[in-house]
Structure formats: structure tokens, C-alpha cells
Amino acid sequence: MTPVNRQASAESAGATFRVLVAAVLFLTVVPVGTAVFVLGFVHGDSPCVLCWQQRIGMALVALLGLFVLRYGPKPKYLGLAVLVAAYGVFMGLRHAGLHLARDVGQGFSIELFGAHTYTWSLFIFWCAIVVVGGLLMSVRPAAVAAASPRALRRVDHLAMGAFLVVMAGNLVQAFASTGPPPFVGQADPVRFSFNPAYWVWSLDEYHSRPVSLRGRWAIPKPDVALADPDPGRGPFRDLPRLAVVERRRLDLGVRGSPTGLAYDEPTDRFVLTTEHGVYLTDGALTQVVRGAVVDPLFAVDLGRFAGAVFLDSRTVAAVSENKSYVVLREADGTIDAVRGFRSFLDGRDQFEEISRSRLATVRAKMQYVMAAAVDDDRRALYTVTVPNDRHKRLIVSHFDTTDMTLSEEFVLSLAPDVAESVQDGDGALERVYVTGATAVGGYLYLMSAAHGTLLTVDLDARQVAAVLTVDGLVAPTGLALRRGRLFVVCADGTLVVVEGASRGAS
């Protein structure tokens, strides 16, 4: 290397280390130091278990920066810094994901410049990755091979001193707010105090559930096959039986298993859904009049269709188990099949897609649905939850059909006379698995795949007013009311017709 090149290399290395020490000082003093001395000791902010993960990640990145200042830009230090920062990005997403879906202004902990502290970590770790990437690009081979340890400058000593002071403060705060091992901290910490009388050392965050990267979002998809069809093992005793007047296999030639059913009285037609298929049939359910398979991807992810409703005699809405929906209108002979390519996988000239969006719920937010129904008189679309491992409540969500916006939600309860029929304690409604629904006259009829149970819901009282059972019903997936009789379709294509329940069904 010529003297000129050696001088250029030394100048470049000097600039690189100046940037690095500035980055280390910033990371140490601004996010980590401010968090402990200003937010913590002055304002009483106390980190939760996830906050500690983010703060420890920042401290480790700063520590690796100090190693680079002392021993040079070794690949092992820079590579480890990228890995730690990537972990910090994950933890930032993990933490922010718990709160970002809430309403405006809602969140957790102190807010800085319009964002809560835990969301800032995303930006900081992202900057750390960018800085390390820049260092990797600027480092010359001579700098890697240079003798180490390096001679430290005054500013390097300042960075190391600042790091030690800030870490000492964090140790004090961690001991007070978290406690020594095996205590790991709290999900909802109390205000920080130097008074030991207010310290909370808790083991509540220890649990035996398996670790999941998706956290509380790890909700399994619903499956009608998991429901126990035996009425004898259900939560209710001595249930009246509905008389079966017809039982036969559907021979409609549709693609896939039935997942939903609805009836339109003015046109005497049914709409039947499969996983992503929508089919209009005649009133006898013997012939498909019109059908299409909806493209479930793009713009809005349509999960497996859970049910369908008539919004008017020409317009249907198919609701997915993830509470997305698509509104389709019957083609009038002028639909451009090329335009239909964007909406349909098959039958692109059969329907016109009017809209595709999502139903937003509050109480039912972490639960899937497998049933939908419309009450024309109330302009109401109803969906009903199915239980999962984390959330088991039976929740009815009511959306206004004019704009598909949530109007109300309620947790169903049992009318007093129905509660007397519960045979083995509380939680009877958490054991039903509603896969079909239809509404008429202020009543909502719910077909449960678990134990072949039909529930009649008084929508004004928000109570289950009656419970009946249907013998021999296996994996029902759709329910419709036609001329006083209930039509139940099952996953294997069986149609069961029973005498309708008395309330509002005549």
C-alpha cells in the first residue's frame, strides 16, 4: 500500500469510528438512559416484561459497539449486532402488535412525540441495523486486519463511562421493579418507586403454555369435525326433539362441501356456499341456477365461507370465518367476463362483485365465526362466534346492512327456564358450536354442530329462549328457514329438513 493509500485508509477508518462512537453514545444516552433516569426515576415509568426485552436488546447493541471501538470491526461483533437488532425488531413488533389495533390514543405507558415508548424501539433497532450495514460497507480489509486492541480516544472513554452509568441505573430499576431471579417482571407493572414497600416481585408471568411466536393471535381455525354430535353428551338434559320430515343427499354438482345456507322467500331460492363458492339454487335444492367461485385473495383475504345471506333478491353476501365478506349481485347479462377475472376463479359472468371488506368486531375480536344470518326487518346482519382454546364465549355481533358497521354485540345468556335444563354446571353456552343461523321475526335460530342442538334466541332479551335437538345430525354447516321448516345442510352434503321451531317461524 502506498503512503497515499495508507493515509486515505486511516482517514476512512477514523470517520467510521467517529460515526460509531456517536451512534453508541446516542443509543446509550437517549433511549436507554432517558428511559431509566428520566422516565423511570423522575416520572415513575416502570418497564413491563416486553419493555425489558427491548431495553436489554438496545444495551447489547451498544455493548457490541463498544467492542468494535476497542477491538476493531471484527465480523463477529458486527454480525452479532445485526442479530440482536433483528431480535429487537421482532420484540418491537411483538409489543406494539398488542396495542396498535386499539383506538386512537390508546396504548401502554408514556407517550413521546405521539407514539408510546415501546413503538419507538422499532425505529431505534431499525436504525441500528442501518448503521451496522453502513459500517460493513465502509470497513476496509486493512481495518479488519489491524492490530487490536485499538488505542481509545477521549470520546471512546466517554462512551464507555456513559454505558456503565446507564447500566448501573438499569440494574437499580430492574432490582426494584422486577426483583432478583427467578422473578421476571410483570405484564402490567406498577409505578416505579425507590420505596421498597411499593415494590412488586411477581412470578405471574410463568406459565406452562407452549411458546408461540404469534402470541395471542395463535387461534386455530374452526373445524366442524371437532364438534361432538352426540346430544347425550351435551350440556342440556331432556331436550324436545324436532321431527325430521326429510333426509337426503344433495346432488347439485357444486365444488366442495357446503358451508352455509340461506333462503329468499320472494324468489323461492336458496344460496349455498362452499369454501369459496356461491351458488343460487331452486327452492327444492335440486338444481343450481347460478354459481361462481370467488377468488379469495387480493385486497381482502377471504377465509373459508362460513355462511351466506340475501341482502335483497338479487344480492347476496358471503361471510368468511375470519369475518371478511364479499357482496355479489346477480349478472343481468351485460357483465364483462374480463372484468370478472379479478374477482372470480370460476363463473366470472354469473355475478358482479359489489364490494369486499371486513366486519370489525369488539367482543368477538379473537374468535372465528361459522354462521351468518340477516333479519330484513331490522336491517341486521348477525354473526355468531365459535369457541377456541382462549376464548369460549358465545357472542352475537349485529351489523347494519346499509354499511356493514357494527351496531351492537352481546354475550348470550340463558332464559331462566332454559337454565333449569342445564345438567352439569355453568358454561353450557361455551360448549355449543354454532355453524348455522337464520333470523326471522325478532328471533335468531342457531344450529350447533355440537350435540345437534338448535337454540332459539330472543334478540330483544338477548337470551336463549328455547333449546331443542335434532337426532342424527352430523357436522351441520348451514341453516335456513323455508315455509315454516328448517333446512339443515351438513358438511357431507346431506340435507335434513325438520319442522320449524314455533317462535317467529310461522
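Modeller: At 0% relative accessibility, Leu-285 counts as buried, since buried means under 20% relative accessible area, exposed over 50% and partly exposed in between, with a 1.4 Å probe and protein chains only. The model is predicted: local features need pLDDT of at least 70, side-chain atom pairs count only at pLDDT 80 or more, and totals for chains, interfaces and linings use all residues. Residues are numbered from 1 along each chain as its sequence is written, and side-chain values use heavy atoms, with hydrogens and water left out.

Biologist: What is the phi of Leu-285?

Modeller: Most residues other than glycine have a negative phi, and most peptide bonds are trans. Phi of Leu-285, however, is near 55°, a positive value. Arg-379 also has a positive phi, of about 50°, but at 48% relative accessibility Arg-379 counts as partly exposed. The peptide bond from Pro-181 to Pro-182 is cis, with omega near 10°.

Biologist: At what angle do helix α3 and helix α4 pack?

Modeller: Helices are DSSP runs (H or I, at least four residues), numbered from the N terminus. Axes are lines fitted to C-alpha atoms over the stretch in contact, and angles run from 0 to 180 degrees between N-to-C directions; contact means heavy atoms within 4.5 Å. Helix α3 (residues 75-96) and helix α4 (residues 117-138) pack at about 160°, with axes 8 Å apart. That makes α3 roughly antiparallel to α4, as angles under 35 degrees count as roughly parallel, over 145 as roughly antiparallel, 65 to 115 as roughly perpendicular and the rest as oblique.

Note on methods. Helix = DSSP H or I, 4+ residues; strand = E, 2+ residues; numbered from the N terminus.
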